[in-house]
Amino acid sequence: MTADWQCVQRFLTEEARLLDTGDWDRWLALFATDGMYWMPVSPGQTDPLNHVSLIYDDAILRQMRCKRFGDRSESGALSLQPAPRCMRMITNLEIQTEPGRVTAQASVIFAQYAQPTVSTYYARVAWDLREQADSYLIQRKRVDLLNSDGPLSDILAYL
Amino acid sequence: MSRIFARSWIYLGHDSQIADPGCFFATQIGREPVLVIRQTDGSIRALLNRCAHKGMQLCPDGATGKKRLLHCGYHGWTYHLDGRVRTVPVEQGYEGTCVSRGSAGLSAIGAIAHYRGFIFGRLQAEGPDLLSWLGPMRSSLDNFVDRAPEDRVVVAGGVLRYLHHANWKFFAENTLDALHPMVVHQSAVAQARKAQAQRTEQGLDVPFELQAVVPFGAPYSFFNDMGQRGAPFGHGDLGNRSSIHSGYESQQEYFQTLSSARGEEQARQILSISRNNSVLYPSIMFKAPVSLVRVIKPLAVDRTLIETWHFRLCGAPDDLFHRTVQYSTIVNSSAGAVGPDDHVAYQRLQRGLQGQLNDWVLLARYPGQETADEEGALSTQGTSDFVYRNQFAAWSEYMQQDAS
């Protein structure tokens with residue numbers, strides 16, 4: 001086990017914790033300014049422009065969405081009141097390193113409790129990471145849900 | 001299922017999904033699994049998707065592809081594309097029964113018809129022809145295709161399948177509901193507005209997704225002014241005068257392409273029609289201005305599958321289709337900033353209406369103010385409850401006929 005693997009493991013666990021606890025500002029700061037978050041619809045989908053996605057967010061849309069997630073006021077979203085509770089489990093982590101860059105792949109189990117229902121989603125997730133000081137910046141995060149093209153009910157968070 | 005979905009024309013899909021002979025897709029009409037297949041002579045047939053033998057569904061729901069013959073994976077019966085029996089393994093033993101090569105195998109549904117590429121089917125043979133049933137809604141469907149410089153649209157860009165835990169009628173009503181967007185979607189709108197203001201202040205371009213979400217928060221007067229229409233059989237449009245799509249930044253290249261194809265005046269006329277949501281009751285809602293169709297598939301009394309299909313306008317620049325994709329991703333996706341809030345509303349409507357002690361809901365707004373338009377639809381202000389009264393009049397009529 002190399003130091004790189006452990007560093008990536010620590011980084012991704014930290015990312016999951018920020019999402020689990022709704023620490024949106026710090027999560028947003030993990031991305032490069034031109035970073036993308038992508039949840040495709042079709043397995044093997046290569047095109048986010050000519051093909052619909054479940055989520056395809058640049059920095060502007062990520063910020064908009066996170067502000068919405070964080071809005072606990074009276075006018076907050078119906079689907080986010082009370083706030084869904086989420087838990088992310090990351091496993092089977094594999095990495096490939098190049099100078100200054102790391103590609104990480106993992107299996108992720110995501111549980112979402114939106115009263116009164118717990119929904120579970122499974123995904124293969126790929127991160128393109130850029131080394132930055134003693135940590136990383138996310139250049140691209142791609143979330144391929146196991147059933148991305150099947151009937152899906154609400155997904156109320158970023159996986 | 002048997003009184004409404006079996007009697008009405010139901011949207012099955014689009015011509016472009018089955019371009020060549022043998023191309024098929026599997027869908028449903030109410031409870032019935034249905035196969036829609038392009039025949040060798042170019043015509044289209046809709047057959048019940050169940051083997052004549054023991055009734056196994058031949059292709060799973062949603063399946064699509066191209067076949068030379070239809071095959072049942074249970075006992076190996078095969079059928080011609082038109083549904084006639086082709087082969088039965090160990091044929092001997094069926095002598096003297098209704099089964100033989102070439103005999104009727106897969107039953108055709110009652111009726112099938114298409115209009116400008118959109119394919120509709122009906123389980124029941126008797127009933128109005130498709131054009132009479134569409135009535136004044138033809139102009140809404142026309143506008144969908146008229147927007148294509150080459151007068152043709154094709155399915156493209158994948159399908160969103162959003163499972164709703166509520167009755168199908170809530171969706172059909174809500175898409176014509178002009179009094180909910182500024183309430184239900186206010187949190188998405190508030191954040192989109194802030195982001196839009198920031199970008200504009202910095203002199204930066206505003207992503208189309210923000211342009212798509214912001215108009216959901218337009219004031220009541222805006223939604224009232226957009227107007228609505230109700231037509232026979234429960235159909236209706238919200239936005240026969242203007243819509244949340246009217247204010248998008250114009251796309252010069254597209255306008256020029258459309259103008260050279262149809263003439264500038266005609267192009268302007270086509271683009272001036274910007275109907276927000278058009279419902280062909282009970283199975284389809286479409287948005288001509290952003291080239292997408294949402295199909296209503298009831299699964300149970302409190303479960304409905306909503307599929308969003310996207311269309312490329314032939315001859316239009318790619319940019320235009322990118323907008324369709326961006327709109328759908330941010331609005332119609334199960335992970336979208338708009339759809340999940342509507343879905344919570346439907347679930348709570350379902351819960352609220354489960355109670356038995358109050359029989360009433362109030363659909364009383366602006367009674368009797370409709371006027372007939374030149375196409376024979378009844379038109380009134382956008383925030384009227386007329387479109388729901390019109391849907392429920394059709395519902396009531398379907399429900400009062402004896403079940404087929």
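Guide: Buried means under 20% relative accessible area. Keep that cut-off in hand. The model here is predicted.

Visitor: Is Ser291(B) buried or exposed?

Guide: Ser291(B) has 4% relative accessibility, so this residue counts as buried. Its place is the loop between E15 and strand E16 (292-300) of chain B.

Visitor: What is the phi of Ser291(B)?

Guide: Start with the general idea. Most residues other than glycine have a negative phi, and most peptide bonds are trans. Ser291(B) is not a glycine, yet its phi is positive, at about 55°. Asn92(A) sits in strand E3 of chain A.

Visitor: Which peptide bonds are cis?

Guide: The bond from Gln81(A) to Pro82(A) is cis, with omega near -10°. Pro82(A) belongs to the loop between helix H3 (59-70) and strand E3 (85-98) of chain A. Gln115(A) and Pro116(A) are also joined by a cis peptide bond, with omega about 5°. Pro116(A) lies in the loop between strand E4 (101-114) and strand E5 (117-132) of chain A.

Visitor: How should I read a nonpolar core? Which residues have the most contacts inside the largest one?

Guide: In soluble globular proteins, nonpolar side chains tend to be buried together. In this model, the largest nonpolar core has 94 residues. Those with the most contacts inside it are Phe118(B), Phe120(B), Phe144(B), Leu280(B), Val293(B) and Tyr327(B).

Visitor: Why does this core lie between domain 1 and domain 2 of chain B?

Guide: Domain 1 (10-127) and domain 2 (135-403) of chain B both give residues to the core, so it lies between them.

Visitor: What does Phe144(B) touch?

Guide: Set aside residues up to four places away in sequence. Phe144(B) then touches Phe118(B), Val153(B), Phe286(B), Lys287(B), Ala288(B), Ser291(B), Leu292(B), Val293(B), Phe311(B) and Leu313(B). Ser291(B), the buried residue with positive phi, is in that list. A second, separate core has 44 residues, including Phe31(A), Phe69(A), Ala77(A) and Leu80(A).

Visitor: Which elements supply the lining of the largest cavity?

Guide: At least two residues each come from strand E11 (153-164), helix H3 (168-174), strand E15 (284-287), helix H10 (318-331) and helix H11 (339-352) of chain B. H11(B) gives the most, with three residues. By class, the lining of this cavity has twelve nonpolar, nine polar and four charged residues.

Visitor: What is the volume of the largest pocket, and which residues lie nearest its centre?

Guide: The volume of the largest pocket is about 1100 Å³. Its lining counts 37 residues, with Lys169(B), Phe170(B), Glu173(B), Leu353(B) and Phe392(B) nearest the centre. H3, E16, H11 and helix H12 (386-400) of chain B each supply at least two lining residues. The classes are 22 nonpolar, eight polar and seven charged.

Visitor: Which residues are closest to the centre of the second largest pocket?

Guide: This pocket has a volume of about 560 Å³. Of its 24 lining residues, Ala114(A), Gln115(A), Thr117(A), Asp154(A) and Gln347(B) are the closest to the centre. Gln115(A) is a partner in the cis bond with Pro116(A). The largest share, four residues, comes from H11(B). The lining divides into eleven nonpolar, eleven polar and two charged residues.

Visitor: One last residue. Where is Gly76(B) found?

Guide: Gly76(B) is in the loop between strand E6 (70-71) and strand E7 (78-79) of chain B. Its relative accessibility is 24%, so Gly76(B) counts as partly exposed. Neighbours within four places in sequence aside, Gly76(B) contacts His71(B) and Pro89(B). The C-alpha atoms of Gly76(B) and Val361(B) are separated by 53 Å, and these residues are 285 apart along the chain.

How values were computed: Residues numbered from 1 in each chain as written. Chains lettered and ligands numbered in written order. Predicted model: local features only at pLDDT ≥ 70, side-chain atom pairs only at ≥ 80, totals over all residues. Heavy atoms only, no water. Core = buried A, V, L, I, M, F, W, Y, C linked by side-chain atoms within 4.5 Å. Buried < 20%, exposed > 50% of the residue type's maximum accessible area, 1.4 Å probe, protein only. Domains from an automatic or database assignment. Contact = heavy atoms within 4.5 Å. Nonpolar A, V, L, I, M, F, W, Y, C, P; charged D, E, K, R; others polar. 1 Å grid on protein atoms, 1.4 Å probe; cavity = no way out; pocket = protein on both sides within 12 Å on 5 of 7 lines; lining within 4 Å. Points joined across faces, edges and corners; volume = space filled by probe spheres on them.
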